[in-house]
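Here is a short briefing on one protein chain. Look over the sequence and the fold before reading on.

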Amino acid sequence: MSTLTLPPTQVGSERALAAQLHAEVEQFYAHHFHLLDAGDAVGWSETFTPDGSFHPQVLPEPVRGRAALAEGVALEQARLRAEGVQRRHWHGMVAVTARPGAQVLDVRCYAQILSTPHGGTTTLRMSCVCEDVLVLSGDRWLVAERRVTRDDLTAPVPATRGV
C-alpha cells in the first residue's frame, strides 16, 4: 500500500499503528529472549501458541508444541550450564508486516547468538535470519511458527546493483 494516496490523517493513523505494532513486537522479543537466555524453558515455551512450531534449518522437521519446545531448551540449557557457557540472543533489523485485521504478524529479522564461557571471551556462535508468524492471543503476542536459517548454511544472496 502506498501511503502517498492516503489522506494525511489516515497516513498518520497508519504510521501510528505501524509504530505501535513494531514497539509491541520489539517488547515481545525482549521478554521472549530474556526468558530463553535465563534458562526458563517453560516460560519461553509459553511464548509460543500451544501448537507452535520452531524449525531451525538443521532439523528435518519442526519441533512442535510447548512441551517439546520446553524439553529441547531445558536439555540445551543443562548442557550449557555443564560447560559453563552463557548464551545471549540478539534480534535486530526487525521488519513487521501485519496481515489484514492486524491479529497476525509476519516478522523477519536478523538474529545473532553469542556465547560466553565463564571467565572467557564472548564469541559470535551464529548469525541467522529468523522468520516468525506471531498471533494475537488475548492481549499478548505468541509465536505460531518460527523458521530459522543460518547464514553459514545458506547460499549467499546475489549482489544487487547500487548497493
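A residue counts as buried when its relative accessible area is under 20%, as exposed when that area is over 50%, and as partly exposed in between. R87, at 13% relative accessibility, is therefore buried. The model is predicted. The chain has three helices and six strands.

**Overall fold**

- Read from the N terminus, the elements follow the order α-α-β-β-α-β-β-β-β.
- The C-alpha atoms fill a box of roughly 60 × 45 × 30 Å along the principal axes.
- The chain has 163 residues, and 34% of them count as buried.
- Take the contacts between residues at least 6 apart in sequence: 49% of these join residues at least 24 apart.

**Nonpolar core**

- The largest nonpolar core holds 26 residues.
- Which residues have the most contacts inside this core? They are V25, Y29, W44, L105, V107 and L134.
- Three helices each supply at least two core residues: helix 1 (8-37), helix 2 (41-45) and helix 3 (66-83).
- Strand 4 (104-117), strand 5 (123-137) and strand 6 (140-150) also supply at least two each.
- Helix 1 gives the most, with seven residues.
- Leaving out residues up to four places away in sequence, W44 touches H32, L35, L36, L69, V73 and R146.

**Salt bridges**

- Side chains of opposite charge can pair when their charged atoms come close.
- The count of salt bridges is seven.
- R87 pairs with E76, and their closest N and O atoms are 3.3 Å apart.
- R87 lies in strand 3 (residues 85-98) and E76 in helix 3, so this bridge ties together parts that are 11 residues apart in sequence.
- Are the two partners buried or exposed, or in between? R87 is buried at 13% relative accessibility, whereas E76 is partly exposed at 29%.
- E76 also belongs to a network with R79, E83 and R87, joined by salt bridges that share partners.
- D132 forms a salt bridge with R146, with a closest N to O distance of 2.8 Å.
- D132 sits in strand 5 and R146 in strand 6, so the pair links parts 14 residues apart in sequence.
- D132 is buried, with a relative accessible area of 2%. R146 is buried as well, at 3%.
- R146 is also one of the residues that W44 touches.
- D152 and R150 meet through their side chains in a salt bridge of 2.7 Å, N to O.

**Cysteines**

- How many disulfides does the model have? The count is zero.
- Why is C109 left out? A disulfide needs two cysteine sulfur atoms within 2.5 Å. The nearest cysteine sulfur to that of C109 belongs to C130 and is 4.6 Å away, so C109 is in no disulfide.
- C130 is in no disulfide either, as its nearest cysteine sulfur, that of C109, is 4.6 Å away.
- C109 is buried at 1% relative accessibility, and C130 is buried at 2%.
- C128 lies in strand 5. C128 is buried, with a relative accessible area of 2%.
- Beyond its neighbours within four places in sequence, C128 contacts C109, Y110, A111, V148, T149, R150 and D151.
- Among these contacts, R150 is also the salt-bridge partner of D152.
- C128 and P62 are 66 residues apart along the chain, and their C-alpha atoms are separated by 16 Å.

**Surface patch**

- V58, L59 and L153 make a nonpolar surface patch of about 240 Å².
- Where does L59 lie? L59 is in the loop between strand 1 (48-56) and strand 2 (63-64).
- L59 is partly exposed, with a relative accessible area of 33%.

Conventions
Residues are numbered from 1 along each chain as its sequence is written. This is a predicted model: local features need pLDDT of at least 70, side-chain atom pairs count only at pLDDT 80 or more; totals for chains, interfaces and linings use all residues. Side-chain values use heavy atoms; hydrogens and water are left out. Buried means under 20% relative accessible area, exposed over 50%, partly exposed in between (1.4 Å probe, protein chains only). Patches are made of residues with over 30% relative accessible area and no salt bridge: like charges are joined within 9 Å, nonpolar side chains (Val, Leu, Ile, Met, Phe, Trp, Tyr) within 5 Å. Accessible areas come from the Shrake-Rupley method with a 1.4 Å probe; for residues, only the protein chains shown count as cover. A salt bridge is a side-chain nitrogen of Lys or Arg within 4 Å of a carboxyl oxygen of Asp or Glu. Helices (H or I, at least four residues) and strands (E, at least two) are DSSP runs, numbered from the N terminus. A nonpolar core is a set of buried Ala, Val, Leu, Ile, Met, Phe, Trp, Tyr and Cys residues joined through side-chain atoms within 4.5 Å. Contact means heavy atoms within 4.5 Å.
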